[in-house]
Amino acid sequence: MTKEDIIKPENLVYQKPHLLNDNPMHYCPGCSHGVVHKLIAEVIEEMGMTEKAIGISPVGCAVFMYNYLDIDCQEAAHGRAPALASAIKRLWPDRLVFTYQGDGDLACIGTAETIHALNRGENITIIFINNAIYGMTGGQMAPTTLLGMKTATCPYGRIPEIHGYPLKMTEIAATLQGTCYVTRQSVHTVAAIRKAKKAIRKAFENSMQGKGSNLVEIVSTCNSGWKMTPEAANKWMEENMFPFYPLGDLKDTSEPKQE
Amino acid sequence: MAEEVVLMKGNEAIAHAAIRIGVDGYFGYPITPQSEVLETLAEQKPWETTGMVVLQAESELAAINMVYGGAGSGKMVMTSSSSPGVSLKQEGISYIAGAELPCLIVNVMRGGPGLGTIQPSQADYFQTTKGGGHGDYHLIALAPASVQEMADFVELGFQLAFKYRNPAIILADGVIGQMMEKVVLPTPRPRRTDEEVIAQCPWAATGCKGRKPNVITSLELDPAIMEQRNIHLQQKYAEIEANEVRYEEINCDDAEYLIVAFGSCARIAQKAMEHAREEGIKVGLFRPITLWPFPTKALRERASNIKGILTVELNSGQMVEDVRLAVECRIPVEHFGRLGGIVPDPDEVIEAIKTKLIK
């Protein structure tokens with residue numbers, strides 16, 4: 001196949017979504033954020049919602065989400081993204097409104113905002129990046145840090161007697177009446193990326209169809225914070241994160257049940 | 001057609017005025033003595049008439065951040081609370097000021113510090129006019145002294161907020177929120193359409209149809225750019241100080257002594273002024289309506305013809321500092337206040353004029 005053949009539209013197998021701009025990302029090599037940003041860009045584009053999307057960025061590494069996604073964005077205070085999204089969606093019901101939050105933002109300082117927005121059944125989607133660590137501030141303990149896991153603020157490992165237990169926010173969300181679709185995904189393999197994209201698409205569609213609130217957790221790596229190579233981080237995630245945070249749908253009321 | 005006069009509480013007037021002037025969203029959390037705002041809105045069901053969103057949030061923190069979100073999308077949004085709740089809102093208020101968004105906040109003040117009391121107070125003057133949250137910012141602060149002004153300042157607050165893209169606050173006290181007076185409510189008008197919102201607020205995050213994406217943020221890591229942002233804010237504040245000072249003067253032209261008071265204290269001071277004049281003491285009343293920007297220049301001009309000033313406040317002496325700065329200590333400026341929810345009567349004010357100023 002010649003170069004001319006390869007670049008023909010019918011032979012195109014991959015392209016960067018238009019909504020993902022050319023700004024150099026500040027994320028570390030190996031970090032999951034870049035992949036999830038790309039999936040969001042693809043889904044918004046494929047749904048034809050570019051001109052109606054409003055994203056809420058968190059405090060944490062993804063605070064600069066708006067630098068990479070060419071959609072309207074608002075930057076929230078730490079943990080408050082679901083409150084912003086609740087108001088915006090109610091004031092602009094035909095807009096696609098989503099938040100993008102890390103574990104510290106969503107499961108610690110913003111626990112109340114997260115649970116209540118989900119339980120009110122706000123027609124929004126919350127994308128939850130769970131890498132079990134505070135990345136931007138330099139690798140401190142997160143609410144989702146695993147027992148025994150070492151961070152800057154639990155340098156000898158997380159001990160329940162001192163630090164309490166890791167919080168399974170997605171399991172909590174699945175018990176709330178207001179949630180429609182609650183799922184836990186990952187983006188460490190091509191197959192996982194495809195599944196995660198389907199989940200984001202379903203969540204976004206549910207929120208546009210007024211079916212209730214949606215939570216898509218992405219179990220992610222923070223290889224810098226974990227002090228590992230990207231490859232080792234993926235392996236560590238599979239061996240340690242997945243047993244405690246198992247992948248799959250926890251709740252789905254978006255389709256009518258088949259009798 | 002004659003204007004319709006109705007009798008209601010100050011808090012209820014806020015709610016009715018909000019519906020009538022076409023506010024898009026109210027986000028609140030119950031706290032005494034302002035809960036009637038949310039209760040009245042819930043009872044009126046404006047979502048069925050004007051389409052106004054009314055939402056009881058899970059906390060004051062969430063409520064102010066809902067306002068932050070709504071304001072970022074160009075809508076007319078507001079919240080109300082009382083002192084302890086307004087302390088919780090300070091984080092969001094700082095973000096709203098930093099992101100230069102218009103909104104209206106109502107504080108129906110109660111006594112503090114801490115959980116304090118549910119009785120009236122004006123002890124949040126410093127919090128409101130000197131910052132409150134973190135960073136160099138100002139709120140446009142309106143101090144109503146009647147139920148009529150509670151209704152009127154909803155519209156004025158939004159006008160100023162949108163004119164300058166800056167949060168405005170109605171700083172009322174528990175007396176003004178709870179007392180019933182006759183009031184003429186604003187003439188009802190429809191909310192702006194989405195198209196009108198987009199045309200009026202080209203900066204808002206509404207979905208990037210036909211334009212480049214908008215970003216609402218107060219974040220900037222480059223200190224050189226952040227300093228320029230701060231300078232821009234200060235220039236805006238200077239413009240507000242030059243254009244938006246509001247105050248009321250009663251019997252000031254022949255006055256030998258001046259009472260400076262806002263909110264419910266101005267009402268009490270007005271009665272004290274009348275009684276003092278019956279006794280032959282020439283007292284005038286100067287009532288700041290905007291607490292920020294403070295009527296510094298007007299007070300300074302008044303100071304050249306009078307012997308002394310008494311501020312009357314429901315606090316231990318907060319506005320008195322701004323009055324002293326205004327008159328540059330050229331004449332005596334004394335403070336009289338009651339604390340912890342006690343409201344003074346006019347005789348106490350006259351006594352304070354006699355003992356603190358006339359001597």
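Visitor: What makes H1(B) and H6(B) roughly parallel?

Guide: This is a predicted model, and in it the axes of helix H1 (residues 10–20) of chain B and helix H6 (residues 147–164) of chain B cross at roughly 30° and come within 8 Å. Angles under 35 degrees count as roughly parallel, so H1(B) is roughly parallel to H6(B). The crossing of H1(B) and H6(B) is right-handed.

Visitor: Which residues of H1(B) and H6(B) make the contact?

Guide: From H1(B) come B:Gly10, B:Ala13, B:Ile14, B:His16, B:Ala17 and B:Ala18, and from H6(B) come B:Val147, B:Met150, B:Ala151, B:Val154 and B:Glu155. Sorted by class, the contact of H1(B) with H6(B) has eight nonpolar, two polar and one charged residues.

Visitor: At what angle do H10(B) and H13(B) pack?

Guide: Helix H10 (residues 264–278) of chain B and H13(B) pack at about 65°, and their axes are 8 Å apart. The crossing of H10(B) and H13(B) is right-handed. On the H10(B) side the contact is made by B:Ile268, B:Ala269, B:Lys271, B:Ala272, B:His275 and B:Ala276, and on the H13(B) side by B:Pro346, B:Val349, B:Ile350 and B:Ile353. By class, the contact of H10(B) with H13(B) has eight nonpolar, one polar and one charged residues.

Visitor: Which strands do H10(B) and H13(B) lie across?

Guide: H10(B) lies across E10, E11, E12 and strand E14 (308–313) of chain B, and it runs at about 170° to E12(B). H13(B) lies across E11, E12, E14 and E15 of chain B, running at about 140° to E14(B).

Visitor: Why do E10 and E15 of chain B count as edges of their sheet?

Guide: That sheet is open, with five strands in the order E10-E12-E11-E14-E15 (chain B) and mixed pairing. E10 and strand E15 (333–337) of chain B each have a single partner strand, so one side of each is left without a neighbour in the sheet. Ignoring direction, neighbouring strands of this sheet are turned by 20° against each other on average.

Visitor: How do you know that E10(B) and E12(B) pair?

Guide: Two strands pair if there are at least two bridges between them. E10(B) and strand E12 (residues 283–288) of chain B have four, in the antiparallel sense. As one example, B:Tyr247 has B:Pro288 as its bridge partner in E12(B).

Visitor: What about pairing between the chains?

Guide: E2(A) and strand E9 (residues 215–216) of chain B pair in the parallel sense over two bridges. In E9(B), B:Val215 is the bridge partner of A:Cys73. Looking at the whole meeting of the chains, 28 residues of chain A are in contact with 33 residues of chain B. H3(A) gives the largest share of the chain A side, eight residues. The residues on that side divide into 16 nonpolar, three polar and nine charged.

Visitor: Why is B:Asp136 called exposed?

Guide: B:Asp136 has 12 C-beta neighbours inside 10 Å, so B:Asp136 counts as exposed. You'll find B:Asp136 in the loop between helix H5 (125–129) and strand E6 (140–142) of chain B. Not counting residues up to four places away in sequence, B:Asp136 touches B:Asn230 and B:Leu233. B:Asp136 and B:Leu233 are 97 residues apart in sequence, with 8.5 Å from C-alpha to C-alpha.

Visitor: What is phi of B:Asn251 and of B:Lys359?

Guide: Most residues other than glycine have a negative phi. Phi of B:Asn251 is positive, near 55°, and B:Lys359 has a positive phi of about 60°. B:Asn251 sits in the loop between strand E10 (247–250) and strand E11 (257–260) of chain B, while B:Lys359 lies in the segment after helix H13 (346–358) of chain B.

Visitor: Which residues does a cis peptide bond join, with omega about 0°?

Guide: Those are B:Trp292 and B:Pro293. The peptide bond from B:Thr32 to B:Pro33 is cis too, with omega near 5°. Most peptide bonds are trans. B:Pro33 is in the loop between strand E2 (25–28) and helix H2 (36–44) of chain B.

Technical notes: Residues numbered from 1 in each chain as written. Chains lettered and ligands numbered in written order. Predicted model: local features only at pLDDT ≥ 70, side-chain atom pairs only at ≥ 80, totals over all residues. Contact = placed C-beta atoms within 7 Å. Nonpolar A, V, L, I, M, F, W, Y, C, P; charged D, E, K, R; others polar. Axes fitted to C-alpha atoms, helices over the stretch in contact; angles between N-to-C directions. Parallel < 35°, antiparallel > 145°, perpendicular 65-115°, else oblique. Left-handed = near helix turned anticlockwise from the far one by under 90°. Buried ≥ 20, exposed ≤ 12 C-beta atoms within 10 Å, placed from the backbone.
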